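Here are my notes on this model. Please keep the structure open as you read.

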Amino acid sequence: MGIVAGLDSSSTFTRIVVCDADTGAVLRQGYAPHPQPAGEANPYETDPQAWLLSLGEAAGGGILEGVQAIGVSAQQHGLLALDAQGALVAPALVGNDKRGQVAAADLADKLGGRQAWTEAVGSVPQSAQPVAKLAWLARTDPEAARRIAMVMSPHDWLVWQLLGRPVRRTTDRGGASGTGWWSAASGSYRIDLVELALGHRPVLPEVLGPAEAAGTTPEGLLISAGTGETMAAALGLGLGPGDAVVSLGASGSVMAVHHEALSEPNGLITSMADATGMHLPVVNVSNAVRALRGTADLLGTDLEGLSDLALKSTPGAHGLVLLPYLEGERTPNLPHTAGTLSGLRRDSMKPEHLAQAAFEGMLCGLVDALDVLRTRGAEIRRVFLLGAAAELPAVTAAAPGLFGTQIVVPAPADYAALGAARQAAWALGVAQGTLAPHTPPLWPAPAAQVFEPGEELPVWQAVRQQYVTTREQIHPGAFAGPAPAPAPAPYPTGY
């Protein structure tokens, strides 16, 4: 069918992969960091021209020779506020901007609280979301806010630039679902929420379907709809119904592929859309690898050393239970609490048991998040673990039994860029009449390690129940309704 490219513009770099459109085989790759401004820079603001410079450098040396279509993935939750001529009225705001916390809380109150927002768009305003960024801009720079005529996400803006800044401006359902003003359940904008945040109604991009093209460059290069990094990575991993992804960063997240939008009255679920026409409900936790690093620092070691220590202990850590709420917690909603270590006895006060409790506490906190999705109807057959800590032996030893399902640890790869390339292949195939608009091209699954629960499943489920019991004793009723149940028995091997 041809050759396609996927580019991923993250917060710090651009990666490009060039692939065979039929097989997904990677033919060429490019990389370039975003140029850094001179002097001290605001970490929450950037000049998007740096993204274009990085893209140009990554595409150097003939990387894109013969390419027929390009897909764009970019950092999520960024905001580009433009005037009527398409010029920035303020620097681009990046995804991790935390300055809008007060604005986000005020927005939640203005609409009637957390449940009102979940019913409207499937999420409660958070400081990172563009809706909160708009409200923050309206508070701090009202003159600039009044000049905002249109808003875009980073991937929208890059697609627009690649197409030569046409009158038509587009996005996709994945990117739109992270804004705080588009509902994944209804597939439509809530323009009144943009007005609630900004004070007037700017122009919003047209939301394209998964296989639609945003346009064609004057040189005849097809540009697909593009999407956010999370959605692109899901497409690159080849996720489908029954799959969940657990991301292990300092904080963590759990998302599942589901056939419909999921929500939760207290806003624990963020209802996202994916890049294929499905849904990606997400539950975030404030503490994941930071609990491991904190424990490692306490014991004078690193993550690898902590894993080695934990393997000298046994499931249950001799009765130690760590509730890893070191930075407060989002799931359950305990923003002002602290972590708790319980079960201390003379024989449990050993480094290896504390190390094991740290791994069990981190993973059980993530199982709590996964169970929020399970109790809302998501069936989970496989859990993909992502992040540097995913390959630690202490993680792979405990995760299958605690999650109660097959664990997949994919080999490191540029999955967001691969997903963008797969989207480009899909749009190209639809344009050529060789692919259906509802079925992405079938590319091989990534190389991965697979771990099964095995015979120790009952032991690990007892550990999980010990954690739930401890959590309920210390934070009774932390979850609305009954506490999440232990994970079910695993699905048959070979799914």
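Which residues have the most contacts inside the largest nonpolar core?

1. The core. Met362, Val383, Leu385 and Phe403 do, in a core of 59 residues. Such a core is a set of buried Ala, Val, Leu, Ile, Met, Phe, Trp, Tyr and Cys residues joined through side-chain atoms within 4.5 Å; buried means under 20% relative accessible area with a 1.4 Å probe, protein chains only. Helix α12 (residues 351–375) gives the most to this core, 14 residues. Helices are DSSP runs of H or I, at least four residues, and strands are runs of E, at least two, numbered from the N terminus.

2. The basis. This is a predicted model: local features need pLDDT of at least 70, side-chain atom pairs count only at pLDDT 80 or more, and totals for chains, interfaces and linings use all residues. Residues are numbered from 1 along each chain as its sequence is written, and side-chain values use heavy atoms, with hydrogens and water left out.

3. Strands β13 (residues 213–216) and β14 (residues 222–224) run antiparallel, joined by three bridges; pairing needs at least two DSSP bridges. Ala213 has Ser224 as its bridge partner. Five residues separate the two strands, and Gly220 in the turn has a positive phi of about 90°.

Technical notes: Buried means under 20% relative accessible area, exposed over 50%, partly exposed in between (1.4 Å probe, protein chains only).
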